[in-house]
Amino acid sequence: GRELTFKAERIEGFDGPIRIDLDGLPPGFTSSAPLEIEAGQASAVAVVYAAPDAQDPPAALDGAVQVTASAVVAGTRLVHHLGTLGDLQLGAPPKLTVMILPAADHAQGMTNAPGQPLELTLTPGQTLTARVRAVRNDFAGRIELGNEDSGRNLPHGVYVDNIGLNGLLIVEGQTEREFFVTASRIAQPGVRRFHLRARGDDGQASPFVTLRVLPPSQVATRSGRE
């Protein structure tokens, strides 16, 4: 998985949400889209994934990819075509991959249905525990997953908590660790996809996880710290 960052230049006072769609990806390629640049925010991060058996797509399939941004402005839905992703090419086999899993002893607040992305459910003020697991193919060193930016594409007000001075990382000789996701009191209700990114091997991104923030009035199953 490799990241794509979409940035919005807001003009004329428009401050609403902006949806990004990626359509027409070649066989063997998928993405975490659709995604949203939240109201009041300037960017969002998507991931494009290549399956283990993906092939370098020909130019005709590269040109069939369509990236669009859409938003409702003054009651009217506007669509802006951003073009393609350019020349999609396969890199070398990854030296490491990472994935997000339910915590071993704290599965409440999580749904892990077969064939579906892991789903985390939080209410503002709540913390859940999850795990990150690495598969080391040819990477023996420390796996750094970021500091305050370690939760990639989390909504405003939700963050990876309790990371310490060295950030979220998996030390040498280990393949997994627990981490915490906290929704602060300002987190807004909604559904969003997020991932983790290992800085080694040019930034391998994990499969995305669905995060659902419930309104404070709704009762959610609680686990972890508060």
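Here are some notes on the pockets and salt bridges of this predicted model.

1. Ground rules first. The model is predicted, so local features need pLDDT of at least 70 and side-chain atom pairs count only at pLDDT 80 or more, while totals for chains, interfaces and linings use all residues. Residues are numbered from 1 along each chain as its sequence is written, and side-chain values use heavy atoms, with hydrogens and water left out.

2. The largest pocket holds about 690 Å³ of space. A pocket here is an open set of points on a 1 Å grid over the protein atoms alone, where a 1.4 Å probe fits, with protein on both sides within 12 Å along at least five of seven lines; lining residues have an atom within 4 Å of a point. Points are joined across faces, edges and corners, and the volume is the space filled by probe spheres set on them. Its lining has 25 residues, with G1, Y49, A50, L90 and Q204 nearest the centre.

3. Strands β1 (2-7), β5 (43-50), β8 (96-102) and β18 (204-205) each give two or more residues to the lining of the largest pocket (strands are DSSP E runs of at least two residues, numbered from the N terminus). By class, that lining has 18 nonpolar, five polar and two charged residues (Ala, Val, Leu, Ile, Met, Phe, Trp, Tyr, Cys and Pro count as nonpolar, Asp, Glu, Lys and Arg as charged, the others, Gly among them, as polar).

4. The second largest pocket comes in at about 550 Å³. It has 22 lining residues, and E9, F14, I18, A69 and H80 sit closest to its centre. At least two lining residues come from each of β1, β2 (18-23), β6 (66-73) and β7 (76-83), with β6 supplying the largest share, five.

5. On to charges: the whole structure has nine salt bridges (a side-chain nitrogen of Lys or Arg within 4 Å of a carboxyl oxygen of Asp or Glu). E3, D149, R152, R197 and R199 are linked in a network of them.

6. R19 and D21 pair up at 2.8 Å, N to O. R19 is partly exposed at 42% relative accessible area, whereas D21 is buried at 12% (buried is under 20%, exposed over 50%, partly exposed in between, with a 1.4 Å probe and protein chains only).

7. R133 and E176 form a salt bridge at 3.0 Å, N to O. R133 is in β11 (residues 127-136) and E176 in β15 (residues 176-183), so this pair ties together parts 43 residues apart in sequence.

Conventions
Helix = DSSP H or I, 4+ residues; strand = E, 2+ residues; numbered from the N terminus.
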